[in-house]
Amino acid sequence: MVTEFMQSNPRISIILVSLLVTVFITTVRYFMVDRDKLKEIKERQKELRKEVKKYKDNPEKMLELNQQMLEDMPEQFKQSFKPMLITMIPVLILFKWMWSIYGETALSGTSFLFPVWLWWYIGSSIIFSIALNKGLGLQ
């Protein structure tokens with residue numbers, strides 16, 4: 001029944017799947033990321049960038065400030081990597097399933113190396129992601 005609906009209404013079903021996946025990913029990010037820590041790191045990075053602009057004529061001081069900026073990178077990476085680990089496997093399985101469903105629809109043709117249905121998914125997920133991230137204050 002679900003497969004029939006998806007094949008008979010590919011655009012609507014892609015938008016709905018995109019919404020569900022985006023809600024899943026955003027929810028996982030919301031609960032897994034330490035937003036206070038990321039905000040603190042971003043503020044520190046902003047201050048360091050201001051300092052770099054001040055000392056652009058002093059290579060030694062710039063090197064020291066750049067080193068301080070690089071020290072925050074592992075923590076930023078760690079914060080973004082945790083939710084990705086949780087969401088990656090289910091999303092890959094879903095994409096494999098979607099590939100088999102939409103491969104037989106009007107959206108199965110290719111455009112710019114990817115199937116048309118994938119472009120529909122990407123476009124709708126970007127829109128939903130921006131809306132959800134702003135709504136939950138994740139940006």
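Helices (H or I, at least four residues) and strands (E, at least two) are taken here as DSSP runs, numbered from the N terminus. On this basis, the predicted model contains 6 helices and 2 strands. Read from the N terminus, the elements follow the order α-α-α-α-α-β-β-α.

Along the principal axes, the C-alpha atoms fill a box of roughly 65 × 35 × 25 Å. Of the 139 residues, 26% count as buried. The accessible surface of the chain amounts to about 9,800 Å², and carbon and sulfur atoms account for 65% of this area. Among contacts between residues at least 6 apart in sequence, 67% join residues at least 24 apart.

I89 is classed as exposed because its relative accessible area is 51%, the threshold being over 50%.

D72 is placed in the loop between helix 4 (59–71) and helix 5. With a relative accessible area of 9%, D72 is buried, the limit for this class being under 20%. Apart from neighbours within four places in sequence, D72 is in contact with I41, R44 and Q45. With R44, the side chain of D72 forms a side-chain to side-chain polar contact at 2.9 Å.

Note on methods: Residues are numbered from 1 along each chain as its sequence is written. This is a predicted model: local features need pLDDT of at least 70, side-chain atom pairs count only at pLDDT 80 or more; totals for chains, interfaces and linings use all residues. Side-chain values use heavy atoms; hydrogens and water are left out. Buried means under 20% relative accessible area, exposed over 50%, partly exposed in between (1.4 Å probe, protein chains only). A polar contact is a pair of N or O atoms within 3.5 Å; within protein, one must be able to donate a hydrogen and the other to accept it, and residues adjacent in sequence count only if both atoms are side-chain atoms. Contact means heavy atoms within 4.5 Å. Accessible areas come from the Shrake-Rupley method with a 1.4 Å probe; for residues, only the protein chains shown count as cover.
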